[in-house]
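Welcome to this structure! Here are a few notes to read alongside the model, so that you can find your way around.

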Amino acid sequence: MSKVFHLSIIIATLTIIPMVSLAFAAETAGEYLDRKAEIWNLFFRMMTVAFVVGGVIAGTMVWQVWRFRESNPKAKPTPYEEKGEL
Amino acid sequence: MGHSNWPEWIYVAVVVALLCYVGAEAWNIENLVEHVPEDAEVIKVTGQQWFWSFEHEDGTKEIGELHLKKDHAYKFEITSKDVNHNFNIHEYVVLLDAVPGQINTVWFSPNEAGEFDIQCREYCGLIHYNMRALLIVEDV
């Protein structure tokens, strides 16, 4: 089953992506555009996504460290600590 | 110990959604940027140690200088005679390898008249640093 799955993934990759590319390429000729603006705008959008993701991850880590510190009044001992195993 | 894992699934969904967005955006822009207009003039660009030469559609040849018209589309067919070079017009975000025995294409449309630098961006030997040319965009 696993082999069939992997094989189908490979075939899908080898056929679907080129087919989609061909479908796009088959369109009529392209229009004039400001290459510089398109590329830089894409870059800034990607940077926005990257910084948002970075901020969320960093924020989550800070929150975890703050929330689960030993001195937090809400902290509960883990089951292991309760049993005195650690 | 049983526990709720819905936050994990939300996390996974957000990551998948972001990846889809990033991929789709990049795909879309790449298609737009690579889509050559029908009336684009083909210019053959040849890199060799250590200068650039250009050939227009009408057979006009230029060395170290390239004269183009503002608001026209140009498709560069880039190749090299010796080693790998890289054709770069910094101001217009044109950047493509010049490889011997291979023709790479890129198109652009200058929307500003003036003089712009063309330079090699792949280390190609002793005088790589000075492998430059001048792009002159004329307001016709």
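1. Some terms to begin with: two strands pair if DSSP finds at least two bridges between them. Helices (H or I, at least four residues) and strands (E, at least two) are DSSP runs, numbered from the N terminus. Residues are numbered from 1 along each chain as its sequence is written, and chains are lettered from A and ligands numbered from 1 in the order in which they are written. Please keep in mind that this is a predicted model, in which local features need pLDDT of at least 70 and side-chain atom pairs count only at pLDDT 80 or more, while totals for chains, interfaces and linings use all residues.

2. Next, follow the pairings. Strands E9 (residues 114–120) and E10 (residues 132–138) of chain B run antiparallel and are joined by six bridges; B:Gly114, for example, has B:Val137 in E10(B) as its bridge partner. E9(B) also pairs with E6(B), in the antiparallel sense over three bridges, and here B:Phe87 has B:Cys120 as its partner in E9(B).

3. Strand E6 (residues 85–89) of chain B is mostly covered, with four of its five residues buried (20 or more other C-beta atoms, placed from the backbone, within 10 Å of the residue's own).

4. Over in chain A, helix H2 (residues 35–67) has 33 residues and reaches 48 Å from its first C-alpha to its last, close to the 48 Å expected at 1.5 Å a residue (1.5 Å times one less than its number of residues). H2(A) is hardly covered: one of its 33 residues is buried.

5. Finally, look at where the chains meet. The contact takes 16 residues from chain A and 18 residues from chain B, counting residues whose C-beta atoms, placed from the backbone, lie within 7 Å. H2(A) gives the most to the chain A side, with nine residues.

Definitions and conventions:
A residue is buried if 20 or more other C-beta atoms lie within 10 Å of its own, exposed if 12 or fewer, and partly exposed in between; C-beta atoms are placed from the backbone. Two residues are in contact if their C-beta atoms, placed from the backbone, lie within 7 Å.
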